[in-house]
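Have a look at the structure below and keep it open as you read.

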Amino acid sequence: MAEDSDLERTESATPKRLEKAREDGQVARSQELTTFTLLLAASTGIWFMGSGLIGKLSSIMREGIQIERILAFQTDLMLNRLYELSSEGLFALAPLLFLLLTVAIFAPMLMSGWLFSSKALIPDFKRLNPMKGFSRIFSTHGLTELVKAIVKTLVIGSVATLVFWQNKEGVLSLIATPIDLGIARTGELLGLSFVSIAGAMVLIVAIDVPFQIWEHSRKLKMTKEEIRKEAKEDEGDPLVKGRIRNLQREAARRRMMAEIPKADVIVTNPTHYAVALRYQSESMNAPKVVAKGVHLLAARMREIAAENRIPILAAPPLARALYHHAELDSEIPEILYTAVAEILAYIFQLRRYQEYGGSIPQPPCDVPVPDELDLP
């Protein structure tokens with residue numbers, strides 16, 4: 001049962017999956033929203049420009065059907081005249097066409113913003129497979145699109161019929177209306193019809209937009225196994241990461257052990273903790289911790305110190321304080337300056353004795369360490 005649940009697409013898409021889908025051109029789009037926006041723009045444009053546009057086109061038509069005698073015998077003049085009238089018609093339609101072009105470009109951005117994906121332009125010959133075509137037609141998506149088309153046809157048809165029925169007297173009166181006034185009235189009726197039909201599509205858009213968002217989210221759902229695999233790809237395999245951390249710790253440990261022969265003293269617990277200190281007055285403001293460890297590592301530090309004749313001094317409270325409160329390869333805390341100074345003073349006296357002789361220095365027996373730093 002656990003394996004079956006892992007194979008079910010029950011998990012929401014991760015940000016990485018959403019980004020990849022966007023790069024592939026897969027975003028939520030509503031064709032109905034684009035159609036509604038275009039229809040609304042067209043109806044608005046016709047509403048405000050309809051009278052002037054129809055008047056201009058009528059004037060062009062009248063000029064076109066009035067053929068002068070000289071044009072009938074010279075075809076080159078007729079072609080020039082056709083070019084002039086076509087240009088005038090195009091310029092008359094230019095504002096409306098520009099409006100529709102602008103809306104057609106920006107309308108798809110209303111849901112998912114601007115998107116250009118070259119992958120979406122790559123030919124997919126699998127779409128030519130007739131079996132897959134039939135499967136798409138009779139799929140849930142195909143059924144949904146069929147229902148949408150039927151509903152859209154019924155809604156738009158009903159609204160168009162209602163608009164025509166309510167304005168039937170105005171339409172019939174156009175027969176007896178003078179041409180100039182009739183043309184203007186026709187433009188107003190067309191604009192009203194377009195606005196009414198566009199308004200009817202609001203219901204379709206209100207249903208289709210949430211549906212497309214839900215459908216897009218459903219298609220991108222992932223299985224638990226896919227999420228685990230993606231997490232491994234992003235963060236790396238835990239086993240590999242653990243191995244890398246172990247190698248890093250081992251390398252750091254080797255570097256630390258290599259610093260012990262350069263230390264001035266090893267402060268011990270005496271068995272559980274070991275901290276190696278080094279101080280060079282010419283280059284350091286305070287003594288530094290060059291190595292530290294507990295248990296087996298502390299024992300190995302003592303062995304290396306003995307092999308290199310590095311003094312080992314038992315000062316349990318100071319060893320514990322240095323281990324817990326001093327960072328590796330960093331200067332000791334200022335609060336421990338006095339305690340470490342006593343240790344280093346003894347070490348320097350011991351070196352002088354070993355080199356020149358004299359009275360044997362006595363190791364400090366009670367190094368002062370603040371109680372709040374002496375952790376067990």
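What follows goes from the whole chain to one strand, its aromatic neighbours and a helix residue.

**The whole chain**

Keep in mind that this is a predicted model. The protein chain has 15 helices and four strands. Of its 376 residues, 30% are buried. Take the contacts with a separation of 6 or more: 75% of them come from residues 24 or more positions apart. The chain exposes about 25,000 Å², and carbon and sulfur atoms supply 62% of that.

Strand 2 covers residues 273-278, and six of its six residues are buried. In a regular strand, side chains alternate between the two faces of the sheet. Here Tyr273, Val275 and Leu277 point one way, while Ala274, Ala276 and Arg278 point the other way, and all are buried.

Strand 2 has partners to look at, too. Strand 1 (residues 265-268) runs antiparallel to strand 2 and is joined to it by four bridges, with a hairpin of four residues linking the two. Val267 has Val275 as its bridge partner in strand 2. Strand 3 (residues 288-294) is also antiparallel to strand 2, with six bridges between them. There, Leu277 is bridged to Val289.

**Aromatic pairs**

How many aromatic pairs does the structure hold? There are two, and here's how they line up:

| Pair | Centre to centre | Angle between planes | Kind |
|---|---|---|---|
| Phe211 and Trp214 | 6.0 Å | 35 degrees | tilted |
| Tyr273 and Tyr323 | 5.2 Å | 65 degrees | edge-to-face |

Phe211 and Trp214 are both in helix 10 (residues 179-219), three residues apart, or about one turn of the helix. Phe211 is partly exposed, at 23% relative accessible area.

Because Tyr273 lies in strand 2 and Tyr323 in helix 14 (residues 316-325), the pair ties together parts that are 50 residues apart in sequence. Tyr273 has a relative accessible area of 12%, so it counts as buried, whereas Tyr323 comes in at 24% and is partly exposed.

**A residue in helix 3**

Last stop: Thr37, found in helix 3 (residues 31-65). Is Thr37 buried or exposed? With a relative accessible area of 18%, Thr37 is buried, since the cut-off for buried is under 20%. Leaving out residues up to four places away in sequence, Thr37 touches Val103, Ala107 and Leu110.

Conventions. Residues numbered from 1 in each chain as written. Predicted model: local features only at pLDDT ≥ 70, side-chain atom pairs only at ≥ 80, totals over all residues. Heavy atoms only, no water. Buried < 20%, exposed > 50% of the residue type's maximum accessible area, 1.4 Å probe, protein only. Contact = heavy atoms within 4.5 Å. Pairing = 2+ DSSP bridges. Areas by Shrake-Rupley, 256 points an atom, 1.4 Å probe, with all protein chains shown as cover. Phe/Tyr/Trp six-rings, centres within 6.5 Å; stacked < 30°, edge-to-face > 60°.
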